[in-house]
Amino acid sequence: MSEGLEWLERIRGLDLPPRVRIMNVCGGHERSITMAGLRGALPEAIELIPGPGCPVCVCPEEDIHQAIQLALHEGVTLLAFGDMLRVPVNVKKGEVRSLVEAQAAGADVRPIASPTEAVAIAREHPDRPVVFFAAGFETTTAPVAAMLAEGVPDNLSVLLSGRKTWPAVAMLLESETPGFDALVAPGHVSTVMGPEEWSFVVERHRMPAAVAGFTPESLLAAIYSVLRQHLSGERFLDNCYSGVVRPGGNPTAQRQLNQVLQVTDANWRGVGVIPASGFALRPAYAAHDARLLFPSHEDASRKRAGEMPPGCDCARVVLGRIYPDQCRLYGKACTPRNPIGPCMVSDEGACRIWWAGGVRQQRPRVA
């Protein structure tokens with residue numbers, strides 16, 4: 001019997017209550033769960049709820065709008081991770097609504113996969129300003145910090161939209177209705193920041209928690225752990241990704257994050273401002289801060305427009321309030337070919353993942 005089947009048998013052997021809701025924070029976890037068919041293999045009592053683990057989905061609309069305007073009007077080469085290029089903003093009909101549309105309109109917009117590509121492009125074009133629109137959680141923000149710490153060409157600046165993962169979960173747990181009974185914490189973030197970042201779930205909220213990797217076996221081990229904790233009343237943070245996640249995380253990455261960036265209150269698209277949940281460049285790196293080097297291009301309407309598009313329920317999906325196929329637009333107005341909300345754009349967005357997993361029909365909405 002394979003390891004995955006062994007974990008499934010252990011889970012099926014538990015005396016479960018009628019309903020246990022487990023939130024998996026990470027978009028990579030959601031992709032593994034969906035593509036491996038774990039929801040269909042687990043007992044019916046177990047609900048696996050996608051959480052706020054998609055940085056593209058929560059990137060503030062005003063940041064995307066700023067990137068579009070820089071590309072269109074400031075004569076820059078605009079670089080961004082590939083998923084960001086198709087995320088739409090709320091603008092009047094006929095206006096450019098995404099970076100890929102800006103590219104089609106003649107702007108120099110290029111997808112990249114890593115900060116090293118940004119440095120290489122800036123060196124190839126020393127007479128042209130290059131702006132790296134860097135959106136992501138700790139896992140992708142740490143390499144951006146390392147890039148700046150090591151030194152970059154004078155013509156390279158960063159439009160940073162980095163976010164910390166745990167404050168969004170803390171916000172949910174501190175609300176009156178968290179919507180879940182246990183947590184599967186993200187493995188990659190824990191690799192950088194250390195599993196200890198998630199200890200507040202157990203210590204402050206008395207909720208079962210386990211760090212998981214991205215294989216079905218690691219995820220099932222974490223699910224079994226939190227179920228055992230839920231049934232026994234015992235509470236501890238279990239590390240089910242111990243081959244990669246070590247106590248204390250990655251000290252070098254953390255040192256570079258602290259050297260280059262400071263933690264700030266930050267806006268999450270459709271959610272609002274979450275205290276101490278974002279990153280900003282420290283004053284020492286002002287020469288490479290695109291927010292300081294270029295006009296803002298912001299206007300008062302952007303704060304209102306920063307909500308999700310009309311009819312889009314991405315914010316409720318991100319917060320685990322509804323499943324992707326309960327969104328009003330899912331599979332109708334909103335598909336990967338024509339995404340309305342950011343959750344249908346990114347490979348880490350729950351809507352896109354569910355669509356790729358074969359879910360094509362809406363289910364009845366819940367109150």
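Predicted model: local features only at pLDDT ≥ 70, side-chain atom pairs only at ≥ 80, totals over all residues.
**Ground rules.** I number residues from 1 along each chain as its sequence is written, and side-chain values use heavy atoms, without hydrogens or water. Local features need pLDDT of at least 70 and side-chain atom pairs 80 or more, while totals for chains, interfaces and linings use all residues.

**Pockets.** I searched a 1 Å grid over the protein atoms alone; a pocket is an open set of points where a 1.4 Å probe fits, with protein on both sides within 12 Å along at least five of seven lines. Lining residues have an atom within 4 Å of a point. Volume is the space filled by probe spheres set on the points, which are joined across faces, edges and corners.

I looked up the largest pocket and found about 380 Å³ of space. Its lining has 23 residues, and P55, F137, T139, T140 and E348 lie nearest the centre. Helices (H or I, at least four residues) and strands (E, at least two) are DSSP runs, numbered from the N terminus. Elements with at least two lining residues each include α4 (55-58), β5 (130-136) and α8 (138-150). By class I noted eleven nonpolar, nine polar and three charged residues. Here Ala, Val, Leu, Ile, Met, Phe, Trp, Tyr, Cys and Pro are nonpolar, Asp, Glu, Lys and Arg charged, and the others, Gly among them, polar.

The second largest pocket has about 230 Å³. Eleven residues line it, with R19, E47, G320, R321 and I322 nearest its centre. Its classes are four nonpolar, three polar and four charged.

**Positive phi.** Most residues other than glycine have a negative phi. I found R206 at about 55 degrees, in the loop between α11 and β8. A276 has phi near 50 degrees and sits in strand β11. R206 is partly exposed at 48% relative accessible area, and A276 is partly exposed at 32%. My cut-offs, with a 1.4 Å probe and protein chains only: buried under 20%, exposed over 50%, partly exposed in between.

**Aromatics.** I found eight aromatic pairs. Rings of Phe, Tyr and Trp (its six-membered ring) pair if their centres lie within 6.5 Å; planes under 30 degrees apart are stacked, over 60 edge-to-face, the rest tilted. Y330 and W355 pair edge-to-face, at 5.9 Å and 65 degrees. Y330 is in a loop and W355 in α17, so the pair ties together parts 25 residues apart in sequence. Both are buried. W166, W198 and F200 form one cluster.
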